[in-house]
Amino acid sequence: MPEATPLEARYQECRRRFREVGQEHVLHFWKELDAARRAELLEDLARIDLAQLPAQARLAVTDQPPNLDLSRLSPVKVIRREQAGPEALARGRLLLAAGKVAAFTVAGGQGTRLGFDGPKGAFCISPVRNKPLFQLFAESVLATSRRYGREIPWYIMTSPANDAATREFFDRHRHFGLDPRSVTFFQQGVMPAFDRQGKILLDQKHRVALSPNGHGGSLLALAQTGMLADLRQRGIDYISYFQVDNPLVYALDPVFIGLHDLRRSEMSSKSLPKADDLERVGNFVMLDGRLMVIEYSDMPETLARAHNPDGSRKYDAGSIAIHILSRDFVERLTADPAAFALPWHRAVKKVPYVDLATGQRIEPAEPNAVKLESFVFDALPLAENPIVVETSRAEEFSPVKNATGVDSVETTRRDLVRRAARWLESVGFRVPRRDDGEPDALLEISPLLALDAHQLAERRLKPDTIARGEKRYFE
């Protein structure tokens, strides 16, 4: 009998393992595939965690809302940024100067919802120079490195869909002035989509319907790709986490970093008062004395609309996906990948798939599949001394998620101009205003000039009057 080829041996082993978990159908079209496509299919299947697959498949067929005992919930006590005190700022500056902090951007998304073909981080957003999101973050990291005299590493988590394009984008732009050795890319994990019977869907005969496993997967990816080991080798103790769609973020906020360290927190989060009862952000709450986040889609409307006797919103602390994580906390969470404890969240979506009976690819008109993902904020109940720091929406939060409407290109550019106008007025510039109070000029301040209004004041710019309709870039 001829010896099996390496590809055939891999197929037989894969078939055995997927048969054991009731998912052998993923190899249904094997005989129709050429060698190259067979290899691609095996690569997709190798990305799937078989140890967790049975439990995930069961979750896919179980439509149960979160079991929340409302009587055990209470509002969270937030620390307002202005209450942090000079000690937090001094401590954060010391940690940055000592090289104890790294920036970490979750950037696995595509710009599809923005009408953009490419990684979301490559989408151009700034109001005057039209800089991409990645450039704004890069300049923030570079400016912070220069300010504290220490090169700050920047870790960027991509996805299989945009990893190559993201790396090429940075190469083409010469890493926006950063040393390429300080910018590290790694890929997040993926999850298969399931049908309503818990069976894995095929996107093509030789490709599994895979999607990123959620920003909670970033913690496991840090461990599995060697990034945690790299952080330890560099002497990094704290990870400044933010997502790619928010250009107003303070990528490396010394006050936030210092407060995290002084409070001996393992995971700290920023929050904002919600814009309205049903704003589409997570809700910080306390459950049996432990901090947690309830997603807006899981928050009972009775709770979301609950108000205190004085008329204030009872559950008002909204999550904006900005965190500081201690490296040793992430090491502890990921020490045993098989026991990684973050829960899976279930979403019913429209997912194209190949019909096993006909071999035809179906574009469903209605939601037909279940996607599972984990959320990074679900690490909060596992952390010691977690804290929530309330900050300013106008200063730090305006995500670009949609082409139009709420959290859109238009609103994000508007908020970048608004912030620049406030900063300039705080140092003596006269900014023209329309009747509705909006700045009547396009203004942009480079992060390389100033990361906040206080730093802009240190630059001692000569105050000037900005003309109506003027475009002005400050660098």
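This report describes aromatic pairs, nonpolar cores, helix packing and selected residues of one structure.

The structure is a predicted model, in which local features need pLDDT of at least 70, side-chain atom pairs count only at pLDDT 80 or more, and totals for chains, interfaces and linings use all residues. Residues are numbered from 1 along each chain as its sequence is written, and side-chain values use heavy atoms, with hydrogens and water left out.

## Aromatic pairs

A pair of aromatic rings is described by the distance of the centres and the angle of the planes. Rings of Phe, Tyr and Trp (its six-membered ring) pair if their centres lie within 6.5 Å; planes under 30 degrees apart count as stacked, over 60 as edge-to-face and the rest as tilted. A search of the whole structure finds 14 aromatic pairs. One of them joins F169 and F170 in an edge-to-face arrangement, with 6.4 Å from centre to centre and 75° between the planes. F170 also forms an edge-to-face pair with F185, at 5.1 Å centre to centre and 70° between the planes. This second pair links distant parts of the chain, since F170 belongs to helix α6 (residues 163-172) and F185 to strand β5 (residues 183-187), 15 residues apart. Helices (H or I, at least four residues) and strands (E, at least two) are DSSP runs, numbered from the N terminus.

Residues are called buried under 20% relative accessible area, exposed over 50% and partly exposed in between (1.4 Å probe, protein chains only). F169 is buried, with a relative accessible area of 7%. F170 is buried as well, at 0% relative accessibility, and F185 counts as buried at 12%. One aromatic cluster is formed by F134, W154, F169, F170, F176 and F185.

## Nonpolar cores

In soluble globular proteins, nonpolar side chains tend to be buried together. A nonpolar core is here a set of buried Ala, Val, Leu, Ile, Met, Phe, Trp, Tyr and Cys residues joined through side-chain atoms within 4.5 Å. The largest nonpolar core has 50 residues, of which I125, F134, W154, I156, F170 and L252 touch the most other members. Helix α5 (residues 133-148) gives the most to this core, with 8 residues. Another core, of 36 residues, lies apart from it and has M286, V293, L325 and F375 among its members.

Contact means heavy atoms within 4.5 Å. Leaving aside neighbours within four places in sequence, L252 is in contact with residues including L96, V101, V141, I152 and I257.

Two packed helices are described by the angle between their axes and the distance between the axes. Axes are lines fitted to C-alpha atoms, for helices over the stretch in contact, and angles run from 0 to 180 degrees between N-to-C directions. Angles under 35 degrees count as roughly parallel, over 145 as roughly antiparallel, 65 to 115 as roughly perpendicular and the rest as oblique.

The axes of helix α4 (residues 85-97) and α5 come within 9 Å and cross at roughly 95°, which makes α4 roughly perpendicular to α5. R93, L96 and A97 of α4 make this contact with T144, R147 and Y148 of α5.

With helix α9 (residues 254-262), α4 packs at an angle of about 95°, the axes being 6 Å apart. That makes α4 roughly perpendicular to α9. Among the residues that meet are E87, R91 and L95 in α4 and P254, I257 and D261 in α9.

The table gives both contacts by class. Ala, Val, Leu, Ile, Met, Phe, Trp, Tyr, Cys and Pro count as nonpolar, Asp, Glu, Lys and Arg as charged, and the others, Gly among them, as polar.

| α4 with α5 | 3 nonpolar residues | 1 polar residue | 2 charged residues |

## Selected residues

Most residues other than glycine have a negative phi, and most peptide bonds are trans. A321 has a positive phi, near 60°. A321 is found in strand β14 (residues 317-326) and is buried at 17% relative accessibility. R460 also has a positive phi, near 50°. R460 lies in the loop between α14 (453-458) and β21 (471-474) and is exposed, with a relative accessible area of 75%.

M191, in strand β6 (residues 190-192), is buried at 4% relative accessibility. The C-alpha atoms of M191 and L372 are separated by 6.9 Å, although the two are 181 residues apart along the chain.
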